[in-house]
Amino acid sequence: MWAVGEDDTLLKSEDGGSSWFSKSVGFGQRHTWNSITFLDERIGWFVGDYGMIVHTADAGESWVEQAADMLPSSVHLNSLSVASNVYGNSTRAWAVGSGGTVIFTEDLGEVWSTQSSNTEENLNSVYFLNMTFGWVASGGGKILRTTNGGKTWSVTRTPLSSANGGAGEDLHAVVVPRFEDAWAAGEDGKMLHSSDGGSTWVERISCTSRHLYAMTMSAGGFGWLVGQNGAMCYTNSAGAAWEVHQTFDS
């Protein structure tokens with residue numbers, strides 16, 4: 001189990017989160033890391049500011065930068081998703097970030113390439129169900145969707161998008177445990193659900209009015225929301241009801 005954060009924070013737990021210890025990254029300059037994802041026990045990536053992508057192939061014992069200088073230093077990468085084919089012999093990864101940035105690799109990061117997202121909104125979270133279908137939560141209350149592995153992306157408006165062309169309410173998380181069961185969450189405790197693969201979205205009631213930054217949902221209906229000031233909520237009913245686990249006052 002891994003976690004990343006500000007000031008080069010990279011933490012690992014080997015006991016299910018009961019205790020954590022720090023791991024060294026060794027890049028010298030202090031960075032903010034925004035997301036970490038592992039394909040298996042050995043292969044993983046984390047992404048962060050200055051357009052940085054960092055990779056391990058030895059379970060986090062060593063880390064190397066990938067795609068150095070590919071992106072402008074002004075780009076912040078916010079999220080990364082990995083998907084494999086049904087045979088497990090082909091893997092792709094996508095990372096998203098500020099200004100509509102989408103990049104992907106199909107060789108474990110040896111080469112990264114850009115994809116056009118058709119938006120300049122900040123892209124905050126990416127989730128691929130498989131190597132074909134993927135979704136991105138973006139600023140302005142929009143969801144991006146691809147049905148061809150990111151070759152093309154369509155932008156879908158949601159109930160959180162502004163009706164008059166204004167800013168809308170940002171979405172920070174998206175998760176899709178099954179094609180007919182897609183979820184997104186964002187500002188002011190707002191949460192969305194789609195039962196048609198993300199073509200249409202409806203607003204659902206969460207458990208808080210605080211900003212939500214991350215979300216999980218299993219195919220079995222167990223899910224968590226985490227957000228501002230330590231807000232944590234969970235569901236064991238596939239999102240039909242959410243209960244507060246904890247919230248810290250600011």
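Q: Which residues in the largest nonpolar core touch the most other members?

A: In soluble globular proteins, nonpolar side chains tend to be buried together. In this predicted model, the largest nonpolar core has 13 residues, and those touching the most other members are W45, I53, L77, L80, I103 and W112. The strands β5 (44-48), β8 (77-84) and β9 (91-97) each supply at least two residues of this core. Of the strands, β8 gives the most, with three residues.

Q: What does I103 touch, residues up to four places away in sequence not being counted?

A: The contacts of I103 are with I53, M70, L71, L77, A93, W94, A95, W112, S113 and T114.

Q: How many helices and strands are there in the protein?

A: The protein has 23 strands and zero helices. Its radius of gyration is 17 Å, close to the 18 Å that the globule rule gives for 250 residues, so the protein is as compact as a globular protein of that length. The C-alpha trace spans about 45 × 40 × 40 Å along its principal axes.

Q: What percentage of the residues count as buried?

A: A residue counts as buried when its relative accessible area is under 20%. By that criterion, 47% of the 250 residues are buried. The accessible surface comes to about 11,700 Å², and carbon and sulfur atoms hold 47% of that area.

Q: How far apart are the mean positions of the positive and negative charges?

A: The protein carries 13 positive and 27 negative charges, and their mean positions are 6 Å apart.

Terms used
Residues numbered from 1 in each chain as written. Predicted model: local features only at pLDDT ≥ 70, side-chain atom pairs only at ≥ 80, totals over all residues. Heavy atoms only, no water. Helix = DSSP H or I, 4+ residues; strand = E, 2+ residues; numbered from the N terminus. Rg over C-alpha atoms; globule rule 2.2 N^0.38 Å. Buried < 20%, exposed > 50% of the residue type's maximum accessible area, 1.4 Å probe, protein only. Areas by Shrake-Rupley, 256 points an atom, 1.4 Å probe, with all protein chains shown as cover. Lys, Arg positive; Asp, Glu negative; His and termini not counted. Charge placed at Lys NZ, Arg CZ, Asp CG, Glu CD. Core = buried A, V, L, I, M, F, W, Y, C linked by side-chain atoms within 4.5 Å. Contact = heavy atoms within 4.5 Å.
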